[in-house]
Amino acid sequence: MNETETPETIAAVADAPEGLSVPLEEYERLKAERDALVDRLARTQAEFENARKREARERNEFRDFAVSGAVEQFLPVLDNFQLALKATGSAEQLRTGVELIVKQMEEALRSLNVQPVETVGTTFDPRVHEALEMVEKNDVPDDQVFEEVRRGYRIKERLLRPALVRVASNSQQKEA
């Protein structure tokens, strides 16, 4: 034992690098601090994992809640389609019934802030229209949509589906 080593430091030196001596109280304090930090890290990791699982569960619950709100809007429409299938009226009566169901469906979409994309009479816009074909038409301005084949929809500024349209090509207007 040299002069700097005391019985209190000898125990600390056993797992310290050679030639390094730390007072026993300091060693015990640092060891306790390390153990507390390791425990705190383990608890923080567990809390983080629990928060991640809770967030995923809440996200799924919110999605289910949002979907259920939309589905509720369409249940009466489905009921009316089922009634129409059981109907035994004339073709004209069935057509009138289906037209009423379409209006009911459009109202359900409006209540969900779903809006149709403007088509006929507008200039072709590739951001919201999908051209099925270009048709030579001299009575319609060039690049104007003259027929909607399938309606497009958006929610606010987000496009859900582009409108499928036929677009006029007016060669007389191009030459002028």
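Start with the charged side chains: the count comes to 13 salt bridges, where a salt bridge is a side-chain nitrogen of Lys or Arg within 4 Å of a carboxyl oxygen of Asp or Glu. Please keep in mind that this is a predicted model, in which local features need pLDDT of at least 70, side-chain atom pairs count only at pLDDT 80 or more, and totals for chains, interfaces and linings use all residues. Residues are numbered from 1 along each chain as its sequence is written, and side-chain values use heavy atoms, with hydrogens and water left out.

**Stop 1**

Select R34 and D35. Their closest N and O atoms are 2.8 Å apart, and the two form a salt bridge. R34 is partly exposed at a relative accessible area of 48%, and D35 is partly exposed too, at 38%. Here buried means under 20% relative accessible area, exposed over 50%, and partly exposed in between (1.4 Å probe, protein chains only).

Next, pick R52 and E49. This salt bridge has its closest N and O atoms 2.4 Å apart. Both residues belong to helix α2 (residues 24-86), where they sit 3 residues apart and are thus separated by about one helical turn. Helices (H or I, at least four residues) and strands (E, at least two) are DSSP runs, numbered from the N terminus. R52 counts as partly exposed at 43% relative accessibility, and E49 is partly exposed at 29%.

Now move to D125 and R127, a salt bridge with 3.0 Å between the closest N and O atoms.

**Stop 2: a nonpolar patch**

Select V67, V71, L75, L78, F81, V98, V102 and M105, and show the surface. Together they make a nonpolar surface patch of about 610 Å². Patches are made of residues with over 30% relative accessible area and no salt bridge, with like charges joined within 9 Å and nonpolar side chains (Val, Leu, Ile, Met, Phe, Trp, Tyr) within 5 Å. Accessible areas come from the Shrake-Rupley method with a 1.4 Å probe, and for residues only the protein chains shown count as cover.

The elements giving two or more residues to the patch are α2 and α3 (91-111). The largest share, 5 residues, comes from α2. Zoom in on V71, which is found in helix α2 and counts as partly exposed at 40% relative accessibility.

**Stop 3: the sheet**

Switch to a cartoon view for an open sheet of 3 strands in the order β2-β6-β3, with mixed pairing. Its edge strands, each pairing on one side only, are β2 (129-136) and β3 (145-150). Neighbouring strands are turned by 25 degrees against each other on average, direction ignored; axes are lines fitted to C-alpha atoms, for helices over the stretch in contact, and angles run from 0 to 180 degrees between N-to-C directions.

Two strands pair if DSSP finds at least two bridges between them. β3 and strand β6 (residues 163-169) are antiparallel, with 4 bridges; look for E148 opposite V165 in β6. β2 and β6 run parallel, joined by 7 bridges, and E136 stands opposite S169 in β6.

Finish on β6 itself: 6 of its 7 residues are buried, so this strand is largely enclosed by the rest of the structure.
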